[in-house]
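Keep the viewer open and try each task before reading on.

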Amino acid sequence: MSFKIASSPHQRISRSTAQIMRIVTLACLPGIAVQAVLFGYGVLIQLLLAIVTAWLSEAAVLKLRGKAVLPSLKDNSALLTAVLLAISIPPYAPWWLVVIGTAFAIIIVKQLYGGLGNNLFNPAMAAYVLLLISFPLQMTQWLPPLSLQSVSLTPLDALCTVFSQYSCSGFSLSQLQSSIDGITMATPLDTLRTDLNRGLTLDESLQKPVFYGFAGAGWLWVNLAYLAGGLLLLQQKIISWRIPLAILSSLFVLSSIASLASSDTVAGPLFHLFSGGTMLAAFFIATDPVSASTTNKGRLLYGGLIGLLVFLIRNFGGYPDAYAFAVLLANMVVPLIDYYTRPRTYGHRPRSELK
């Protein structure tokens, strides 16, 4: 072995931004595939619309700013933002919904603040919240899993539904939301919240077909697929283990305590961990290197805060799946977290020790 002497900087970057973004996007593929298999071809149509919108929006803004377009498009950050937003919204939401959301994420949340590395908030989640507040009806029109759907949709039917809200056979979106027994379906988290507000107990609500399995029909497999992709990111050292672990641990502990204290009104920890967008948010959204905390202690606090907020909003707030709001609220306090958790400079002595 030879000892090499070189001038600073000594830090070596093994992967470029484009490579990191590409790996994260590829790690989403298992979850995307499971979503498409279980919830239909609409997922793929939304992805295509979001990606095209993201590229066009990014190119237009960069052109207006007088900056080179191709290098920024090649960093794959716009691509990843489009993917994360597209897989977070209902697969058969109207086409203009994902176009508005993606354009907002790229133009306002990302480029208005100076582009990649300068955004204060996670672009995909900021866009999701915008859509959820502005178009609540369209953002909650989830179809049941294919096993519970009363009407099966071909790829052409999916295309017609996204662009006209009617299948090629003439079925409206509200009709497509009906299960095989004629009951209008919602996501497990939304169904549980509605039932508890109506006075039903947890056990009574869990008897519904949408709760097949402990986390809801289809959603268990979606979360397991994103968990697999997240473990790949950890293995490749793309993300830090601290944020996902803190989120999942915080949510697990809080839901366990609350479930033990009130078993009739609070679902258990496994339900919270494998329903909704839990694994997607923990491994792919909250770990955004730009808007997340950058210190080791700070990442644990940041993740723990997200888990706490998710638990509170799911059980006491007005929205069933709370990750978008939780991530944005945590983004707000990242500067404060980083300030108080930054490591002490080597050789530094507190002022009190100098007296």
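**Exercise 1.** Locate S178 and decide whether S178 is buried or exposed.

*Solution.* Start with the position: S178 sits in the loop between α9 (173–176) and α10 (188–197). Helices here are DSSP runs of H or I with at least four residues, strands are E runs of at least two, and both are numbered from the N terminus. This is a predicted model, in which local features need pLDDT of at least 70 and side-chain atom pairs count only at pLDDT 80 or more, while totals for chains, interfaces and linings use all residues. Residues are numbered from 1 along each chain as its sequence is written, and side-chain values use heavy atoms, with hydrogens and water left out.

Next, the accessibility: S178 has a relative accessible area of 15%, so S178 is buried (buried means under 20% relative accessible area, exposed over 50%, partly exposed in between, with a 1.4 Å probe and protein chains only). Finally, look across the chain: V151 is 27 residues away from S178 in sequence, and their C-alpha atoms are 8.5 Å apart.

**Exercise 2.** Find which residues S57 is in contact with, leaving aside neighbours within four places in sequence.

*Solution.* First, S57 belongs to helix α3. Its relative accessibility is 8%, so S57 counts as buried. With the near neighbours within four places in sequence set aside, S57 is in contact with A103, I106 and I107 (contact means heavy atoms within 4.5 Å).

## Helices

**Exercise 3.** Check the span of helix α6, then find where the kink in α6 is centred.

*Solution.* Begin with the expected span, which is 1.5 Å times one less than the number of residues.

Then list the buried positions of α6: L97, V98, G101, T102, A105, I106, V109 and K110. The cover over these buried residues includes α3 (42–64), α5 (77–86) and α7 (123–134).

**Exercise 4.** Repeat the span check for α16 and ask what covers its buried residues.

*Solution.* Helix α16 (residues 296–316) has 21 residues and reaches 30 Å from first C-alpha to last, close to the 30 Å expected. Its buried residues include Y302, F311 and R314. Among the elements covering the buried residues of α16 are α13 (242–261), α14 (269–273) and α17 (323–341).

**Exercise 5.** Find how many residues line the largest pocket and which lie nearest its centre.

*Solution.* Here is the idea behind the search: rolling a probe the size of a water molecule over the atoms shows where empty space is left. On a 1 Å grid over the protein atoms alone, a cavity is a set of points where a 1.4 Å probe fits but cannot get out, a pocket is an open set with protein on both sides within 12 Å along at least five of seven lines, and lining residues have an atom within 4 Å of a point.

The largest pocket is lined by 31 residues, with M21, T287, D288, P289 and V290 nearest its centre. Its lining divides into 17 nonpolar, 10 polar and four charged residues (Ala, Val, Leu, Ile, Met, Phe, Trp, Tyr, Cys and Pro count as nonpolar, Asp, Glu, Lys and Arg as charged, and the others, Gly among them, as polar). At least two lining residues come from each of α1 (17–27), α5, α7 and α15 (278–285). In α1, M21 is among the buried residues.

Definitions and conventions:
Bend = angle between axes of the 7 residues up to and from the residue.
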